[in-house]
Amino acid sequence: MLALPLSWPLENRQVVLIGAGAWAIRKLNLLKRTPATVTVFAPLADLADALPRWPQPVELTDAALIIVAFDDRALAERGAELARTSRAPLNVVDFPDLSDFHVPAIIDRGSLSIGVATGGTAPVLARETRRKIEAAVPPSETEVAAFATALSPRLRELIPDTDDRRRAWENILSSPATELARSGKIDEAVALALTLVNAPRTGVVHLVGAGPGDPELLTLKALRLLSEADVIVYDRLVGDGVMDLARRDADRFYVGKERSNHSVPQDQIHELLVEQARLGKRVVRLKGGDPFVFGRGGEEVEALRAAGIEVHITPGVTAALGCAASAAVPLTHRDHAQSVTFITGHSKDGDHSNPLMLDWSALSAPHHTLVVYMGVATAREIADKLTRHGRMPDTPVLVIENGTRANERRKLTQLGALADTIAATPTKGPALVIIGEVAGLYQDQTAIAGVVEEAMRLNA
């Protein structure tokens, strides 16, 4: 660590800015967001509301800190020399060798502020890191920070012991009071929080969509819930990169399911969620894609509500949308498809010897995109039923395995050759099948031409 990051109170204090140009304007805009009294000296007379001259030493005597901002080294050195007469801590923008301290890249969430610093060595890296952190800290944290500021003195009075107060904060920040604060209802949030001080901690379950695999497709809310969870119950379809973003000390329960191998029966998953919530835990049920698109989220909600457990849903990018976007294939298109249907190729009881009970006539309509989840094992049946009900055998089909992940594979084929294409190059990861004219818009056709030709030869 090259420098010690500090938080500097500026209420009822004076800050002096000496500068000109874009850097000075940026620093002035930053200082205006603080409670400091800001005095600006602009020798080049290009800043609004600034004194158009260099400061006199006596005018710097009461400064809590001084910032000098010129893009010219000679001007910066002159400003620094003047500032040194006051003995106030000095920052000279972009010249760390002239500075006593550095101003970090800042994420501003009201009374919550996060600084990213590199010891003055790489400010652009600090800004890029700030951008990544800012994406993970939702704007609603400003309201939560205001809530915490309002509640803090009350908690200090009610709970003198530091450890007890810390536990109370943990309970409150994972309670509905915080959600009230996020919606801007600060007074109501404080009132509710005070009622929770001595209340036993109650559990809650969040059904959270993890998206199709790429961690960057997580929603901001999903990321926040992962960082707050006491317990995470997750599926096979949740990518490793997603779990790397979860709270490190959370208890983790793997309940992954594979084709023809359900490692944990669904009713046992229900029991686990209920059990952990009744222990007062914050439980995240993390599911690949979206919980309510072939994710059995509806069954889990029913089971939790029947047990009297509070449950919330956080949607995710479903596989159909994520995989199609990854391959640049539109699911609807003015010239090729006016509707899209998502179906599962997996029977309710998991027995692939039983026929799929679907409206094949409706699904076989032209200019209609069909996206099949879990359809690899039943690809032959799906293709046969669709062609028998009128879909042309030369309809384009795109099979996407491990969509949006680093090991994604794509295979372009035709409906009549679908089963043989899959048999020629078996899938090992989760796969999605896109059937329809839009699949023909996939551009990388040369790489799979040999596979399709061989599959058609086998099918002949």
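A strand here is a DSSP run of E at least two residues long, a helix is a DSSP run of H or I at least four residues long, and both are numbered from the N terminus. Two strands pair if DSSP finds at least two bridges between them.

A word on what you're looking at. This is a predicted model, in which local features need pLDDT of at least 70 and side-chain atom pairs count only at pLDDT 80 or more, while totals for chains, interfaces and linings use all residues. Residues are numbered from 1 along each chain as its sequence is written, and side-chain values use heavy atoms, with hydrogens and water left out.

**The whole chain**

The protein chain has 16 helices and 18 strands. Its radius of gyration is 30 Å, well over the 23 Å that the globule rule gives for 460 residues, so the chain is more spread out than a compact globule. (That radius is taken over C-alpha atoms, and the rule is 2.2 Å times the number of residues to the power 0.38.) Along the principal axes, the C-alpha atoms fill a box of roughly 95 × 55 × 35 Å. Of the 460 residues, 45% count as buried, meaning under 20% relative accessible area with a 1.4 Å probe and protein chains only; over 50% is exposed, and in between is partly exposed. Contacts are heavy atoms within 4.5 Å. Take the contacts with a separation of 6 or more: 64% of them involve residues 24 or more positions apart.

Five strands make an open sheet in the order 9-8-12-7-13, with parallel pairing. Its edges are strand 9 (251-254) and strand 13 (310-314), each pairing on one side only. Neighbouring strands are turned by 20 degrees against each other on average, direction ignored. For angles, lines are fitted to C-alpha atoms, for helices over the stretch in contact, and the values run from 0 to 180 degrees between N-to-C directions.

Two helices pack on this sheet. Helix 10 (residues 266-278) touches strand 7, strand 8 (231-234), strand 9 and strand 12 (282-287), and its direction makes about 155 degrees with that of strand 12. Helix 11 (residues 297-306) touches strand 7, strand 12 and strand 13, at about 175 degrees to the direction of strand 7.

Strand 7 is worth a look of its own. Six of its six residues are buried, so the strand is largely enclosed by the rest of the structure. In a regular strand the side chains alternate between the two faces of the sheet. Here Val204, His206 and Val208 point one way, while Val205, Leu207 and Gly209 point the other. Toward strand 13, Val204 stands opposite Glu310, and His206 has His312 as its bridge partner.

| Strand pair | Bridges | Direction |
|---|---|---|
| Strand 7 and strand 13 | Five bridges | parallel |
| Strand 7 and strand 12 | Six bridges | parallel |
| Strand 15 and strand 18 | Four bridges | antiparallel |

Another open sheet has five strands in the order 14-15-18-16-17, and its pairing is mixed. Strand 14 (339-344) and strand 17 (409-414) stand at the edges with a single partner strand each, so one side of each has no neighbour in the sheet. Neighbouring strands are turned by 20 degrees against each other on average, direction ignored. Helix 12 (residues 319-326) packs on this sheet, touching strand 14, strand 15, strand 16 (396-401), strand 17 and strand 18, and its direction makes about 75 degrees with that of strand 18.

Within the sheet, Val371 stands opposite Ile434 in strand 18. His368 sits in strand 15 (residues 368-373) and is buried, with a relative accessible area of 6%. Leaving out residues up to four places away in sequence, its contacts include His336, Thr341, Arg391 and Glu437.

**Helix 4 and a neighbour**

The axes of helix 4 (residues 141-158) and helix 7 (residues 186-195) lie 10 Å apart, and the helices pack at an angle of about 35 degrees. Helix 4 supplies Glu143, Ala146, Phe147, Ala150, Leu151, Arg154 and Leu158 to the contact, and helix 7 supplies Ile186, Ala189, Val190, Ala193 and Leu194. These contact residues divide into ten nonpolar, no polar and two charged, where Ala, Val, Leu, Ile, Met, Phe, Trp, Tyr, Cys and Pro count as nonpolar, Asp, Glu, Lys and Arg as charged, and the others, Gly among them, as polar.
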